[in-house]
Amino acid sequence: MPSEVTTRPAPKEARDVRVLVLTGYGLNCEAETAAGFSRAGATVDLLHLSEILDRGARADALAGYHILAFIGGFSFGDHIQSGRVFANRLRFRLGEALCRFVDDGGLALGVCNGFQTLVCLGLLPGVNRARGTPLATQQAALVHNDRLGYFDTWVKLAVDAESPCVWTRGVGPTIEMPSRHGEGKLLFLDESLRDEILASRLVPVRYADASGAATEVWPDNPNGSPGGVAGLCDPTGRIFGLMPHPDAYLYPENHPDWIRQHDAGTLPAAGLGLRIFENGVRAALAG
């Protein structure tokens, strides 16, 4: 299992931060995700999952990378359950490498299908897993939206400033971004575990209404997730997943009201989703 020696050199500046974006098998947000990390200054590699799996069950299969990006799309056509097949391939072929990556201080971001994958892998919320042990069993599930069917809209997220999540530091108190999914209602598989997750502030973002308060009401909450839960982080704050797409708000013109914002003098210099990527790169630099 994971050694005490890191498998990646410590980055000294943003371009030294190496990001691996996993692609293929129905995933389709690699360009936007790579652009987010590139705009944040990192060096990005896009690799098809098959290329990684060809490395076999080596514990160092992910050596050299500081951040893993699990992107949006429809991996394996969302058959069985969104993210399930993709996660199974990773768990049984790269489980040891993923454990070593996490134990060595690596970061991971999962967006939409990527969030579903991280949950199926047990990396999120990932509580009660000790260093050097296998991946945790699945502790939560993302199930069909209350209003069945794929729904595409912009949402407001309330950000918990007290969460340990390194990806959301300094973001908020609210942030807007696109949300587009059919299976985003998050349920915890154990009520006692749910209480621990909430007490530990492992819910960095929640769907919010116009006032910025967490909500379960459609369409502000597009899936009916209890408590408005829109994303999770692990206890270290380094692993983060969310259903909405920060990768789809990298430029101010991505926002549907950008002209109104421009005329009002409130148009940001960059899309607010870029802050998530910048925070990830910053956290990698800080070690």
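This is a predicted model: local features need pLDDT of at least 70, side-chain atom pairs count only at pLDDT 80 or more; totals for chains, interfaces and linings use all residues.
Gln 116 is found in helix 4, which covers residues 113-121.

Me: Is Gln 116 buried or exposed?
Reply: A residue counts as buried when its relative accessible area is under 20%. For Gln 116 that value is 4%. Because 4% falls under the cut-off, Gln 116 is buried.

Me: With which side chain does the side chain of Gln 116 make a polar contact?
Reply: Let's look around Gln 116 for a moment. Leaving aside residues up to four places away in sequence, Gln 116 touches Ser 82, Gly 83, Leu 142, Glu 183 and Met 243. The polar contact, at 3.2 Å, is made with the side chain of Asn 113.

Me: What is the order of the strands in the open sheet of six strands?
Reply: The pairing in this sheet is mixed. Strand 1 (residues 18-23) and strand 3 run parallel and are joined by four bridges. Strand 3 is also joined by four bridges to strand 4 (residues 107-111), again running parallel. The whole order is 2-1-3-4-11-10.

Me: Why is one side of strand 2 and of strand 10 left without a neighbour in the sheet?
Reply: Look at the ends of the order 2-1-3-4-11-10. Strand 2 (43-48) and strand 10 (231-233) each have a single partner strand, so one side of each has no neighbour in the sheet. In other words, both stand at the edges.

Me: Which residue in strand 3 is the bridge partner of Val 21?
Reply: Strand 3 spans residues 67-70. Both of its faces are covered, with Ile 67 and Ala 69 buried on one side and Leu 68 and Phe 70 buried on the other. Ile 67 stands opposite Leu 107 in strand 4. The bridge partner of Val 21 is Ala 69.

Me: What is the handedness of the β-α-β crossover from strand 3 to strand 4?
Reply: Follow the chain out of strand 3 and it passes through helix 3 (residues 84-103). From there the chain reaches strand 4. This β-α-β crossover is right-handed.

Me: At about what angle does helix 7 run to strand 4?
Reply: Helix 7 is made of residues 274-286. It lies across strand 3, strand 4 and strand 11 (239-242). Its angle to strand 4 is about 165°.

Key
Residues are numbered from 1 along each chain as its sequence is written. Side-chain values use heavy atoms; hydrogens and water are left out. Buried means under 20% relative accessible area, exposed over 50%, partly exposed in between (1.4 Å probe, protein chains only). Helices (H or I, at least four residues) and strands (E, at least two) are DSSP runs, numbered from the N terminus. Two strands pair if DSSP finds at least two bridges between them. A crossover is right-handed if, with the strands pointing away from the viewer, the path from the first strand over the helix to the second runs clockwise. Contact means heavy atoms within 4.5 Å. Axes are lines fitted to C-alpha atoms, for helices over the stretch in contact, and angles run from 0 to 180 degrees between N-to-C directions. A polar contact is a pair of N or O atoms within 3.5 Å; within protein, one must be able to donate a hydrogen and the other to accept it, and residues adjacent in sequence count only if both atoms are side-chain atoms.
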